[in-house]
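Please read the following account alongside the sequence and the coordinates, beginning with the surroundings of the ligand and then turning to a residue in a loop.

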Amino acid sequence: MIEINKLKKYYGKELVIDEVSLSVKAGEIFAIVGHSGAGKSTLLRCINALEDYQNGSLKVFGKEISQVAKNARELRNLRKDIGMIFQHFALMSRKNVFENVAMPLQIHGFKKDEIDKRVKELLEMVGLEQKAKSYPNELSGGQKQRVAIARALALKPKILLSDEATSALDPNTTKNILELIKKINKELGISVVLVTHEMEVVKEIASKAVLLDHGHIIGSGEIHELFLKPNAKMQEFLGENDFLPQTGVNIKLFFPKEVAQHSVITSMARALNIDFNIVWGKIEKLNDIALGNLVINVAEKDKEKVLDFIQKSGVLWEVA
Ligand SMILES: Nc1ncnc2c1ncn2[C@@H]1O[C@H](COP(=O)(O)OP(=O)(O)O)[C@@H](O)[C@H]1O
Ligand SMILES: [Mg+2]
């Protein structure tokens, strides 16, 4: 549905997208993750031709976007198929909720009764049917984003682009908005490409992700792969290696969901009669699947028997 191949984009002389290749399939929730300035927004804006690019290929529904951008009618159709939401909502402050959501429909020449019906449906879907007459400044951040989502879906797009849509919201509201995006993805079959600097967002909703750094991709894959066995760059991004002891051997354990995580560790201590330190551990909830991650520090002399025991237990491991 979206095929990007060796894409390059410059702002003046500065290369901000550097040979990016990725592919988003219909029905996916695909995350573009990275620190501020990595090029996430720029990449996203290339997808709906808000930005141009200089090299490589970017196809949406099989059409090269640089070509689509040259043809007003095709561009209009592309934009109709791609809705977008933003960090700061981008609502019209002088228009009420109904009017904000109705805007794209008016621009596309829908009749008044069609508009009324569609806006009502949309406001119901985002849970704001009671707020049709309210103005943006009378709404909470979460409610504003719901209005923006309703507006983005007005023309029944096939793709929703989300640029840090939850970054201005508190954790609870973030969760609710992510739930809504999930629902839209599932029930309406709309593919979602979301940009975020928050790992929590990715873990909560995405099925695949790329990690973008200074305009190039430094990690990519299915979410559970990325988090279960992060590559060195990903670990750096997650800040996981900051606390490793300098002595002994650090062993990182990955517990797939079918392994009961607690007993492996305690029974190892008993069976081998050794001491070890737990450096850090966490359980990640990825798309409703729980995955465990634990780093233990063992004495050099115990390394071989510990690794042997772990190997037999079915827990994945690597020496950190
Ligand atoms: N309109 C612009 N003109 C010039 N440089 C820009 C423009 N927009 C973004 N940049 C630069 O491009 C790089 C990527 O920016 P951006 O895509 O906004 O990153 P992110 O969304 O990951 O924070 C940054 O170095 C930024 O300064
Ligand atoms: Mg950005």
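**The shell around ligand 1**

Helix H1 gives the largest share of the shell around ligand 1, namely three residues, where helices (H or I, at least four residues) and strands (E, at least two) are DSSP runs numbered from the N terminus. The model is a predicted one, in which local features need pLDDT of at least 70 and side-chain atom pairs count only at pLDDT 80 or more, whereas totals for chains, interfaces and linings use all residues. Residues are numbered from 1 along each chain as its sequence is written, chains are lettered from A and ligands numbered from 1 in the order in which they are written, and side-chain values use heavy atoms, with hydrogens and water left out.

The residues around ligand 1, those with a heavy atom within 4 Å of it, include Glu14, Val16, His35 and Lys40. Among the polar contacts, pairs of N or O atoms within 3.5 Å, a polar side-chain atom of Ser41 lies 2.8 Å from an oxygen atom of the ligand, and a backbone N or O atom of Gly39 lies 3.0 Å from an oxygen atom of ligand 1. A polar side-chain atom of Tyr11 lies 3.4 Å from a nitrogen atom of ligand 1.

**Val126 in its loop**

Val126 sits in the loop between helix H5 (112-125) and helix H6 (141-152). Val126 is buried, with a relative accessible area of 1%, buried meaning under 20% with a 1.4 Å probe and protein chains only. Beyond its neighbours within four places in sequence, Val126 is in contact (heavy atoms within 4.5 Å) with Arg146, Ile149, Ala150 and Leu180.

Note on methods
Polar contact = N/O pair within 3.5 Å; in protein donor to acceptor, adjacent residues only side chain to side chain. Buried < 20%, exposed > 50% of the residue type's maximum accessible area, 1.4 Å probe, protein only.
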